[in-house]
Amino acid sequence: MSGRGSIPKRSLSASSSSEMKEVNGLEHERIDAIFNPKSVALVGASSKAGKMGNVFAKNLVDGYQGTIYMVNPKDDEVEGVKAFPDIKSIPGPIDLAVIVVPAPAVPPIMEDLSEVGAKSAVVITAGFGEAGPEGKALQDKMMESARKTGIKVVGPNCFGIYNCNIGLNASMGIGTPPKGGDISFLTQSGAYGMAIFTFAMDHHMKFAKIMAHGNKAGIDDFEVLDYFGDDEETKVICLFLESVDKGREFLEVAKTISLRKPIVATKTGRTAGAARAAASHTAAMTGSFTAYEAAFKQSGIIFARNGMDLVNIAKGLDWQPLPRGNRIGIITNSGGTGVELVDLCEENGLIVPELSPEIRDEVASLIPPYASARNPIDMTPVWPKFVELYSKCIRILYESDDVDIIVPILLQRAALMPEVCQAVADTVNDCLSEGMKKPTYVCWVATKNALGNMDILQEKRIPCFDWPERTARAIGSIAQYTRFLKSRGVEPGGEE
Amino acid sequence: MSKATEIITKAKNEGRTFVTEPEAYAILEEYGVKVAPWALCDSAKTAVEEADRIGYPVVMKVVSPQIVHKTEFGAVKVNISSPQKVEEAYFQLMGSALDHEGVEVTGILVSKMLKGLEIIVGSTRDPQFGPLLMFGLGGVFVEVFKDVSYRIAPLEEIDVDEMLSELKGNKLIHGFRGMEGVNIEDLKRVLISISTLLTDLQDIAEMDLNPIFGNSTGVRVADARIILG
């Protein structure tokens with residue numbers, strides 16, 4: 001399921017990032033303890049419904065198969081799992097400690113964890129660095145204990161982590177996501193990150209690993225990026241960032257990873273602080289986001305303007321092969337939508353080429369005489385023939401060398417007909433399995449009552465994007481990544 | 001210690017937040033970035049001699065450890081086309097500089113007035129990513145159209161290629177409708193050299209090389225401002 005969009009590993013010249021990896025070997029192992037722990041201790045576990053300690057207890061028990069130690073000074077058990085009064089009473093090694101107790105209680109717990117040799121900790125509790133000097137002092141104290149033995153700390157003030165493929169939900173999110181995913185997601189924002197992730201799951205996207213790192217007191221963006229880069233289960237990396245720390249390392253790591261797997265990032269806070277006192281012309285012209293933009297371009301990170309674009313781009317990358325170029329073929333039943341999509345595609349760096357005469361003739365022989373066999377192919381609203389025409393036109397574009405990307409617009413009645421959605425999904429997957437490696441993305445323009453039909457496509461990994469604007473933006477970003485790879489000598493989808 | 005480092009250390013020791021133009025030129029030249037033929041003069045007589053040697057027209061600027069914004073200060077005269085005008089300009093520049101209290105004059109810089117396409121290269125230092133290099137067309141193109149491209153230094157060759165292709169004015173650089181284009185190889189080489197300079201010299205907080213003149217023979221810096229931090 002994962003091979004489609006993958007990119008060949010390329011041997012990399014000795015660079016600062018490979019040196020960095022040597023240094024970070026231990027960090028890699030520690031991050032792995034977070035995502036693949038053999039044992040998890042929940043500090044602040046609670047049996048009382050509605051308490052944070054209970055949400056976490058339930059989430060852990062729900063799907064995680066490793067050893068769980070509940071830590072609660074009063075109860076003997078929590079959610080059917082034996083509880084211990086404190087860290088030191090736990091009889092075995094702790095790979096991951098999840099901490100949900102109030103902030104002032106956290107530093108002594110970290111000290112205990114350090115003494116027993118715990119490998120990692122996710123600190124959910126808020127009231128640290130984000131909450132003024134007192135909180136900052138607590139955070140520093142906590143980190144001092146953690147650093148003694150190198151406990152890898154996620155958070156504080158974070159939402160938690162998931163490893164979906166082993167059923168590990170160490171977060172305050174509801175429910176354990178399905179297995180079999182290969183998108184990994186690092187988010188600085190907890191709640192919005194989770195909103196993005198659950199929205200994506202609504203669209204049948206499956207995830208591998210998710211981390212909300214909150215205050216980032218003990219973990220750097222580039223370390224997690226590097227880990228995802230090496231992680232066999234991760235095919236697409238998503239980042240939702242408010243800031244990047246250690247930008248140099250981040251840039252170097254991203255540069256090597258993006259040659260073998262795509263990184264999509266949203267960076268918020270782009271507009272603030274643009275005006276600062278500056279002695280030079282250059283500084284006066286340079287906004288705070290400029291450096292990020294430059295770093296993203298240089299390292300091949302696909303920039304998503306917002307959370308929803310992030311989801312759309314990741315979906316396109318995860319489910320479909322990478323396009324080999326930026327020429328797009330559009331199939332529509334509405335001239336107006338087709339023309340709008342053409343405009344938006346061209347504005348997003350895509351080309352909507354004229355189809356060759358042979359292809360035009362072939363299409364023209366299928367569609368009504370008053371319809372258009374040019375690009376966009378506009379079959380007009382000939383409902384009874386939709387199943388046949390969408391299928392045949394899609395196949396024609398797959399077999400043609402005129403385009404690199406296929407976009408059927410499913411508008412109104414076409415979207416309301418489940419048999420049309422089924423036919424599109426089947427044709428695309430048939431062509432792909434016959435070895436014609438070209439992506440298809442559906443531009444979906446329909447009413448609420450057609451939503452169920454979108455599932456027909458998305459369950460079969462045919463991405464649907466709402467309306468032309470989002471469609472063009474997502475595809476434009478993906479095609480930009482193709483260009484990045486090609487200009488660096490990597491053929492997109494070159495292996496297999 | 002490299003000459004560039006020496007210059008910067010000296011400026012910092014003197015409590016300056018920038019280097020003077022001749023100092024900036026020396027730093028650039030050490031990195032292989034060519035500058036318009038120039039001379040620092042301490043008398044009207046040497047100014048005329050140097051202008052004769054460099055060839056007319058010339059540009060003359062006051063060099064002072066107190067003046068960073070030369071144009072605003074009235075410390076620049078351009079298009080000076082004869083020995084007599086050089087002499088006049090010398091006294092005018094000296095006079096207006098010395099009218100300002102606390103301004104010491106190191107000398108008067110005489111440099112060749114160049115022709116070609118105006119290019120700007122600048123930099124700032126981003127707290128997370130380090131030196132951020134800006135490259136674009138100078139003059140009205142940067143003032144009005146902000147036709148510039150940014151990358152984090154150090155640059156690889158492919159970064160330079162992509163910066164070039166990002167510019168709307170890319171066509172002008174390559175020569176448009178019979179206009180003389182810029183020597184692309186020299187331009188690329190200079191961008192890489194500036195990137196190395198910025199990576200090496202961490203004390204440079206901001207830099208403006210504006211304008212750089214580019215033509216078919218190569219690119220040369222005509223004005224340099226380097227701010228230390």
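# A guided tour of chains A and B

Start with chain B, in which 44% of the 229 residues are buried, a residue being called buried if 20 or more other C-beta atoms lie within 10 Å of its own, exposed if 12 or fewer, and partly exposed in between, with the C-beta atoms placed from the backbone. What you are looking at is a predicted model, in which local features need pLDDT of at least 70 and side-chain atom pairs count only at pLDDT 80 or more, while totals for chains, interfaces and linings use all residues. To find your way, note that residues are numbered from 1 along each chain as its sequence is written, and that chains are lettered from A and ligands numbered from 1 in the order in which they are written.

**Chain B as a whole**

Colour chain B by secondary structure, and you will find 8 helices and 11 strands; helices (H or I, at least four residues) and strands (E, at least two) are DSSP runs, numbered from the N terminus. The radius of gyration of chain B, taken over C-alpha atoms, is 18 Å, close to the 17 Å from the globule rule (2.2 Å times the number of residues to the power 0.38), so chain B is as compact as a globular protein of that length. Along the principal axes, its C-alpha atoms fill a box of roughly 50 × 45 × 30 Å.

Next, select residues 37-113 of chain B, which are domain 1, and then residues 117-228, which are domain 2; these bounds come from an automatic or database domain assignment. The C-alpha centres of the two domains of chain B lie 26 Å apart.

Select K146(B), in the loop between α5 (140-145) and β8 of chain B. Its phi is near 50°, a positive value in a residue other than glycine, and K146(B) counts as exposed because it has 10 C-beta neighbours inside 10 Å.

Move on to P154(B), in the loop between β8 (148-152) and α6 (157-166) of chain B, where a cis peptide bond with omega of about 5° joins A153(B) and P154(B). Then select P211(B), which lies in strand β9 (residues 204-215) of chain B; the peptide bond from N210(B) to P211(B) is also cis, with omega near 5°.

**Where the chains meet**

Now show both chains together and look at where they touch: 21 residues of chain A are in contact with 22 residues of chain B, two residues being in contact if their C-beta atoms, placed from the backbone, lie within 7 Å. On the chain A side, select α8 (247-257), α9 (281-285) and α10 (290-299), each of which supplies at least two residues that touch chain B. Which of the elements gives the most to this side of chain A? It is α10(A), with 6 residues. The residues of this side divide into 9 nonpolar, 8 polar and 4 charged, where Ala, Val, Leu, Ile, Met, Phe, Trp, Tyr, Cys and Pro count as nonpolar, Asp, Glu, Lys and Arg as charged, and the others, Gly among them, as polar.

**Chain A and its helix α12**

Of its 496 residues, 52% count as buried.

Within chain A, select helix α12 (residues 335-347), which has 13 residues and reaches 19 Å from its first C-alpha to its last, close to the 18 Å expected at 1.5 Å a residue; the expected span is 1.5 Å times one less than the number of residues. Show the side chains of T337(A), L341(A), L344(A) and C345(A), which are among the buried residues of α12(A), as is G338(A). Looking down the axis of α12(A), you will see that its buried residues fall within an arc of 130°, so they line one face of the helix; the arc is that of the directions from the helix axis to the C-beta atoms. The elements they pack against are β15 (328-332), β16 (377-378), β17 (405-411), β18 (442-445) and α18 (467-487) of chain A. On the other side of α12(A), G336(A), D343(A) and E347(A) are exposed, and just after the helix G349(A) takes a positive phi of about 80°.

Select R461(A), in the loop between α17 (451-458) and β19 (464-466) of chain A, where phi is near 65°, a positive value in a residue other than glycine. Finish at G173(A), in the loop between β9 (168-171) and β10 (183-187) of chain A, which counts as buried because it has 21 C-beta neighbours inside 10 Å.
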